[in-house]
Structure formats: C-alpha cells, structure tokens
Amino acid sequence: MKIVDLRSDTVTKPTLEMRQAMYQAEVGDDVYGEDPTVQKLEELGAGIMGKESALFVASGTMGNQIALMAHTNKGDEVICEADSHIFYYEVAGIACLAGAQARPISGQRGILSSDRIKHHIRPQDVHQPRTGLICLENTHNRAGGTCYSVQELAQIKELADSNHIPVHMDGARIFNAATAQNVSVEKLAEKATSITFCLSKGLCAPVGSLLTGSHDFIQECRRYRKMLGGGMRQAGIIAAAGIVGLETMVERLQDDHLHARILAEALVSIGMDIDMETVQTNIVIANVSSFGITAKQAAALLGEQGIKAAVFGEYSIRFVTHHGIEKDDINYTAGIIAKLVKEINAGLL
Ligand SMILES: Cc1ncc(COP(=O)(O)O)c(C=O)c1O
C-alpha cells in the first residue's frame with residue numbers, strides 16, 4: 001500500500017548528499033573544542049541568524065531549555081504562549097530545569113502582541129516574581145504554523161528592551177517563517193536575544209538544533225549543555241548533515257508551503273473545518289468534529305488507507321508537508337479523504 005506520512009516534518013530522512021557529508025566529515029572531540037565540522041556548522045548558523053555565536057545541541061527542546069536556564073534566575077517568571085512548545089511539550093522544563101515559573105498567555109492564532117505581553121510584565125513588588133524572559137514561537141506549531149511578522153517582533157523587542165527583559169525565540173521552523181514572508185531569517189532573528197532553530201525538521205538533517213545569541217550568552221549555554229549531558233564528542237558526524245541542510249534545503253521549503261495550501265483547500269472543499277488563516281507555512285490543522293468522529297478515529301481511518309496524520313487534540317488532526325512529499329501525494333491524500341468523507345456522509349463508516 002502507498003504510504004503518505006504527513007504526521008510531521010521530523011520524519012524526513014537525511015538526503016544522499018547529507019549521508020556523503022557525514023561519511024566524509026572531519027571530526028574531533030567537541031567537548032575539547034576540537035571538532036572542525038561542529039565549529040563550521042556553528043559559525044554558519046550564527047552567521048545566517050546574524051548572531052555572534054551558536055551552539056550545536058541535540059534537539060530543539062535542549063536548545064530551548066538551555067536558553068531558559070541561561071536567561072533566567074530561580075523564581076523568575078517566563079512569559080510564553082499558552083500553546084507554545086516550551087510550555088506544552090517540554091515536560092515542565094521551565095520549572096524543573098530553570099527553576100522558573102511559566103506565565104502562559106493565549107495569543108491570536110499563537111501570536112502574542114506587544115500589547116498582550118505588556119499587561120503581563122510584573123511590576124517591581126516584593127510579593128511578585130520578576131519577569132525574566134519572554135518566549136516567542138515562530139512558526140507556532142500548535143496554532144498551525146503561524147508566523148510573527150518583523151513588525152510584530154519589532155514592537156515586542158521595543159517593549160522587552162524598555163523593561164530590560166531578554167526575548168528567546170523558539171524558531172524550530174524559523175526558515176518556514178522567513179520563506180512564507182519572503183524576509184531573511186536574520187531580520188526575524190534580529191528581534192530576539194537568542195534563537196533556537198532545528199536542523200532536523202524541514203531541513204532534513206537526522207539530528208540536531210542550533211542555539212544562537214551573543215558570544216557571552218553562548219559561553220554560558222555551553223556550560224548548561226554540559227550539565228544536561230549534551231556535550232557530544234565526535235559530533236561532526238551529525239553536524240555535517242546540518243551544514244548540508246542549511247546550504248541546500250531552505251529554498252525548497254516553499255514547495256512544502258504550496259503543498260500545504262493545496263491540501264488545505266482541497267479538504268475545505270469537501271467540508272473539512274480548517275482555519276485557512278493559519279495555513280501560512282507547512283502545517284494544516286483540521287477539525288473533524290462535524291463528521292461525528294474524534295481525531296483518533298479519523299487518524300485510524302486514514303491510517304488504514306496509508307495516510308498518516310497526527311492526532312492533535314480531541315477533534316483536531318495535523319498534516320505536515322515536507323521533503324519527500326510531492327504534489328501527487330497531496331492529490332492522492334485529498335482523493336482518499338474525499339472518499340472517506342463520502343462514506344461517512346453515506347453512513348457507511
Ligand atoms: C515549535 C517547536 N519547538 C521545539 C520543538 C522541539 O524540537 P525537538 O523535537 O528537536 O526537541 C518542536 C518539535 O516539534 C517544535 O515544533
């Protein structure tokens with residue numbers, strides 16, 4: 001049976017060029033600062049983001065958590081979006097690792113405005129925690145891949161600067177945000193004190209993320225990475241794939257965005273409930289409640305037909321387009337879903 005795996009862009013596999021680069025990578029002990037390939041990747045990543053330094057970490061989660069630890073003091077409060085990865089999916093790391101308290105606020109389709117944030121910054125008061133960090137997710141995963149614009153980020157930066165609060169951007173999919181808005185990633189990253197981005201999602205590397213920021217900040221982060229057991233030795237083997245990802249896999253993200261839009265439009269045309277305003281990048285979140293089934297049931301029905309989607313709530317399923325998914329796969333998926341919808345509507349399922 002034909003399988004179309006749309007659960008996530010993390011299912012992407014390293015390209016042939018990546019595997020060749022991994023095979024040939026020059027390596028050394030990175031904890032001694034002797035891995036030339038890791039160093040090359042960190043320099044490349046820092047340069048692309050317009051930051052002084054970068055740190056290669058095992059995952060996006062590790063990058064975010066190290067940033068939280070380095071930016072905050074025990075007992076600080078961290079402003080983040082209520083559905084953000086940092087708050088929702090990182091196993092209470094804010095509390096457990098940074099010793100900080102989360103202040104989750106709902107954004108508009110995942111996007112926080114400076115106005116919204118302003119009201120949640122703590123005043124100086126002996127009873128209250130200090131607001132130690134503002135976290136932004138760009139693109140916002142649970143909201144359906146929505147983007148912060150440069151203008152929205154500039155307003156938040158102005159507010160943060162005037163309150164002496166750093167801004168960390170979870171830019172796991174920052175290249176998607178830049179591609180969708182036709183701006184450079186540097187322009188988006190400029191408005192954040194630090195930014196994490198993933199090599200292992202749309203960019204197809206097998207493992208790894210980069211955390212970028214000022215030289216001093218990254219030095220501090222290097223210590224926390226070691227604390228978490230993230231000091232990797234001949235990590236150039238995996239860094240080599242990351243370099244290829246940055247050099248060859250960014251431009252094609254526009255294909256993923258086009259495919260997501262084609263899929264979303266096809267699904268809406270057969271009565272699926274999708275907020276099209278959120279379909280800005282490579283993620284489509286559909287609500288299946290109008291078919292009288294749960295997301296789990298929908299995913300199971302799709303799975304029987306070879307279409308893999310992620311359960312994203314009681315009635316929400318997520319489709320993510322990525323390298324390896326072609327337009328034919330999208331048309332095929334839309335066709336299978338149309339057939340299932342017909343059968344449901346006819347009471348056959
Ligand atoms: C927005 C966002 N941030 C962070 C992460 C974490 O990345 P990792 O799975 O590499 O820990 C993800 C993963 O899906 C994500 O979607």
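Trainee: How far does a backbone N or O atom of Gly60 lie from an oxygen atom of the ligand?

Mentor: This is a predicted model, in which local features need pLDDT of at least 70, side-chain atom pairs count only at pLDDT 80 or more, and totals for chains, interfaces and linings use all residues. Residues are numbered from 1 along each chain as its sequence is written, and side-chain values use heavy atoms, with hydrogens and water left out. A polar contact is a pair of N or O atoms within 3.5 Å; within protein, one must be able to donate a hydrogen and the other to accept it, and residues adjacent in sequence count only if both atoms are side-chain atoms. For the backbone atom of Gly60 and the ligand oxygen, the distance is 2.8 Å.

Trainee: How much of the accessible area that the ligand has on its own does the protein cover?

Mentor: Arg173 places a polar side-chain atom 2.9 Å from an oxygen atom of the ligand. Of the 390 Å² of accessible area that the ligand has on its own (Shrake-Rupley method, 1.4 Å probe), the protein covers 83%.

Trainee: Which peptide bond is cis, and in which loop is Thr139 found?

Mentor: The bond with omega near 0° runs from Asn138 to Thr139 and is cis. Thr139 itself is found in the loop between β5 (131–137) and α7 (150–162).

Trainee: What area do domain 1 and domain 2 bury between them?

Mentor: The domain assignment, automatic or from a database, gives domain 1 (13–248) and domain 2 (252–345), whose C-alpha centres lie 29 Å apart. Contact (heavy atoms within 4.5 Å) joins 20 residues of domain 1 to 15 residues of domain 2. Buried area is the accessible area (1.4 Å probe) that two parts lose on being put together, summed over both; with 55% of it on carbon and sulfur atoms, the value here is about 1,500 Å².

Trainee: Which residues of domain 1 lose the most area to domain 2?

Mentor: Three residues together account for 31% of what the domain 1 side buries. They are Arg109, Gly144 and Asn176.

Key
Helix = DSSP H or I, 4+ residues; strand = E, 2+ residues; numbered from the N terminus.
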